[in-house]
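Here is a note for a colleague who is opening this model for the first time. Please keep the view at hand while reading the numbered points.

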Amino acid sequence: MTGLPLRGSPDFDQAVITRYALEYASKGWNAVVTVDDEFVRVVAVPENGIDPKQYVLGLLQHRFLEDALPILEALYGMIDDAEIAYNYGICLSELGRIDESLMPLQRCVDLDHEYTNAYVGLGVAYTKLGRNEDAERALREAIHQDPENAYAKRNLAAVLARSGKSKEALPFFRQAASLAPNDPGAQLGLAQCLDQLGGEHRKEGDKVYDEIVRRFADDPIAEIAKNARSRIANEQLHDTVDGNVRMDAVFYMQGAMDEFAKKTKQEIGQIVMEIALLGQSGLQINKPEKRYSLKNLPGDFSGLQLVSIMHAGIRLLDPKAATGTGLDREYELALAMRGKK
C-alpha cells in the first residue's frame, strides 16, 4: 500500500483498517480487520452472507481441513473465542502439525477452563509427541470434568499402558469399552491390555479378540485381532512342549488328511464348520482326557485333535487361509511327511 502513515505511528493501524474496510465495502461486503506487528487479518463476507464462524465450522464438519485452516488462523488472531481456538488446534493436529496445535488448545482451556474436549485434544497431542506425563495430566482433567467420556478414558488407558502401567490402565480400558461398545479401537485396547497382563487376563483377552473379529470383520482392526489370536493359540498349544512342534498335532493332521481324501469339499466344509461352532464354547486343547463328538465325523476326539482336524480342513479348502489355531508349523510338517509316503 502507498500513502499510509509511518508504520508504528498512532494513525498507521487505523489507516490500514479503513483502507481494507472501504475496499470490501465498495463490493458490498462487510469486513472485520485487525492489525498487529506481524499480520493484517481480514475476514469479509457478503452483506447477506453467512457468519464467518459458522462458515468455518461447516467446513470442518465436512472435513475440508485445508480450506478451513486459513480462516481459523485469521479468526484465532482476531478474537478471544474458545471454540475457535479449540477447532484451530484440532485442525492443526489432524493436519500433522502437532507442535503448533498445543498453543491454541491451551489458549482454549485458558479461555474456558471447562472445555473438556480441549483437554482431550491436548492429551492426544502430547501423546503423539511422546510427552506421556503431560498427556496423562490433561486426560485425567478431561475425565474429571466428564466421567462418561469414553474417548478420554481410552486415550488415558493407552498412555498408561505405554508407560508400563498396564494394571492401572485396565479399568480405564474396561470403562471405555463399556461406554463405547461399537468402537473397535476401545475393544482392541482392552484386548491388548489383557493380553499384555498375561495369565488368566490373556484368556479373557483372547475372547475379546474373538469378539472383535466377529463384530468388526470389515475393519482393519479385525486383522490385528486375528493375528493376536493366532499368537495366543500358538503359545497355548506349545506351552507343554517348551515351544517345540506338537508331534501329536502332526499325527492328528495326517489322519485328517487321509480322511478328507475320501470326502467332497462340501463334506469337509461341514466338518470344519461343526468344529468351529463347537470351539465357540471353548475346547480343552491340553486335556486329552476331555472328549468330544461330532455329527459329521464318527468317533470321539480330544480338543487338540479337533483343532488339528479343523486346521487341516481349512487349509485344504484354502491353502492361504489364516486359521487362528497356531498350528501352521505342524501342518507344514504333516504335509511334508505325508508327501514322502
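1. Ile-212 touches Gln-187, Leu-188, Ala-191, Ala-217, Ile-221, Ala-222 and Ala-225, leaving aside residues up to four places away in sequence, where a contact means heavy atoms within 4.5 Å. Together with Leu-72, Ile-212 has the most contacts inside the largest nonpolar core, which has 64 residues. A nonpolar core is a set of buried Ala, Val, Leu, Ile, Met, Phe, Trp, Tyr and Cys residues joined through side-chain atoms within 4.5 Å; buried means under 20% relative accessible area, exposed over 50%, and partly exposed in between, with a 1.4 Å probe and protein chains only. A second, separate core of 28 residues includes Val-272, Ile-285, Val-307 and Ile-309.

2. The model is predicted, with local features needing pLDDT of at least 70 and side-chain atom pairs counting only at pLDDT 80 or more, while totals for chains, interfaces and linings use all residues. Residues are numbered from 1 along each chain as its sequence is written, and side-chain values use heavy atoms, with hydrogens and water left out.

3. In helix α3 (residues 65–78), Leu-72 is buried, as are Leu-65, Ala-68, Leu-69, Ala-74, Leu-75, Tyr-76 and Met-78. Helices (H or I, at least four residues) and strands (E, at least two) are DSSP runs, numbered from the N terminus. The buried residues of α3 pack against β1, β2, α2 (52–61), α4 (82–94) and α5 (98–111). The end C-alpha atoms of α3 are 20 Å apart, which agrees with the 20 Å that its 14 residues should span at 1.5 Å a residue, the expected span being 1.5 Å times one less than the number of residues.

4. Strands β1 (residues 29–35) and β2 (residues 40–46) run antiparallel and are joined by seven bridges, where pairing requires that DSSP finds at least two bridges between two strands. A hairpin of four residues connects β1 to β2, and Thr-34 has Arg-41 in β2 as its bridge partner.

5. Most residues other than glycine have a negative phi.

6. Gln-305 is found in helix α15 and counts as buried because its relative accessibility is 18%. Gln-305 touches Tyr-252, Arg-291 and Asp-300, again not counting residues up to four places away in sequence.
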